[in-house]
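Welcome! Please take a moment with the sequence and the 3D view below, and then read on for a short tour by topic.

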Amino acid sequence: RHCANLAANAKVAVTVQEDYRDWREIKGVQLEGKVALVDSVLEKAKALAVYARKYPDAIKLFTDPTSGVLHRAFLKVKFYRVSPERVLFIDNARGFGKRQELVL
């Protein structure tokens with residue numbers, strides 16, 4: 001469903017932040033942009049390398065054919081790239097919803 005939605009409308013909004021117990025401490029980045037399927041072999045390899053560094057135990061499991069359903073599911077995984085058109089820094093410590101637009 002997500003892939004079908006992205007194919008129909010490539011415009012996305014993304015928020016990247018740590019988890020905070022207190023919403024008044026939230027700091028992070030919001031961005032708006034367009035998403036595209038990563039389809040070149042080189043770009044897929046780069047995406048997979050990033051994923052493997054972040055989740056080394058998961059990548060071992062997903063790429064092991066003996067893991068059955070997990071391996072079969074991973075073979076269908078698609079990676080997407082977000083190209084930002086607008087980026088904002090959020091700092092709720094400076095006020096609720098306080099955002100500063102960053103120059104691209």
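## Salt bridges and the model

Glutamate 43 and lysine 46 join their side chains in a salt bridge, 3.4 Å from N to O; the term stands for a side-chain nitrogen of Lys or Arg within 4 Å of a carboxyl oxygen of Asp or Glu. This is a predicted model, in which local features need pLDDT of at least 70 and side-chain atom pairs count only at pLDDT 80 or more, while totals for chains, interfaces and linings use all residues. Residues are numbered from 1 along each chain as its sequence is written, and side-chain values use heavy atoms, with hydrogens and water left out.

**More on the salt bridges**

- Side chains of opposite charge can pair when their charged atoms come close.
- A search of the whole structure turns up six salt bridges.
- Glutamate 43 and lysine 46 are three residues apart in helix 2, so about one helical turn separates them. Helices here are DSSP runs of H or I with at least four residues, strands are runs of E with at least two, and both are numbered from the N terminus.
- Glutamate 43 is partly exposed at 31% relative accessible area, and lysine 46 is partly exposed at 45%. With a 1.4 Å probe and protein chains only, buried means under 20% relative accessible area, exposed means over 50%, and partly exposed lies in between.
- Glutamate 32 forms a salt bridge with arginine 86, and their closest N and O atoms are 3.5 Å apart.
- Glutamate 32 belongs to strand 2 (residues 27–37) and arginine 86 to strand 3, so this pair ties together parts that are 54 residues apart in sequence.
- Arginine 86 also has a salt bridge with glutamate 101, where the closest N and O atoms are 3.4 Å apart.
- That pair links distant parts of the chain, with glutamate 101 in strand 4 (residues 99–102) and arginine 86 in strand 3, 15 residues apart.
- Glu32, Arg86 and Glu101 are linked in a network of salt bridges.

**Aromatic pairs**

- The whole structure contains five aromatic pairs. Rings of Phe, Tyr and Trp (its six-membered ring) pair if their centres lie within 6.5 Å; planes under 30 degrees apart are stacked, over 60 edge-to-face, and the rest tilted.
- Tyrosine 51 and phenylalanine 74 make a tilted pair, 6.3 Å from centre to centre with 40° between the planes.
- Tyrosine 51 sits in helix 2 (residues 41–54) and phenylalanine 74 in helix 4 (residues 69–74), so the pair ties together parts that are 23 residues apart in sequence.
- Tyrosine 51 is partly exposed, at 25% relative accessible area, whereas phenylalanine 74 is buried, at 14%.
- Phenylalanine 74 also pairs with phenylalanine 62: the ring centres are 5.3 Å apart and the planes are at 15°, so this pair is stacked.
- Phenylalanine 62 lies in helix 3 (residues 56–62) and phenylalanine 74 in helix 4, so parts that are 12 residues apart in sequence are tied together.
- Phenylalanine 62 is buried, with a relative accessible area of 18%.
- One aromatic cluster is formed by Tyr51, Tyr55, Phe62, Phe74 and Phe79.

**Pockets**

- Rolling a probe the size of a water molecule over the atoms shows where empty space is left.
- On a 1 Å grid over the protein atoms alone, a pocket is an open set of points where a 1.4 Å probe fits, with protein on both sides within 12 Å along at least five of seven lines; lining residues have an atom within 4 Å of a point.
- The largest pocket holds about 200 Å³ of space, a volume being the space filled by probe spheres set on grid points, which are joined across faces, edges and corners.
- The lining of the largest pocket includes His71, Phe74 and Phe79, and helix 2 and helix 4 each supply at least two of its residues.
- By class, the lining of the largest pocket has six nonpolar, two polar and two charged residues. Ala, Val, Leu, Ile, Met, Phe, Trp, Tyr, Cys and Pro count as nonpolar, Asp, Glu, Lys and Arg as charged, and the others, Gly among them, as polar.
- The second largest pocket holds about 160 Å³ of space, and among its lining residues are Glu43 and Tyr51.
- Helix 2 gives the largest share of the lining of the second largest pocket, three residues.
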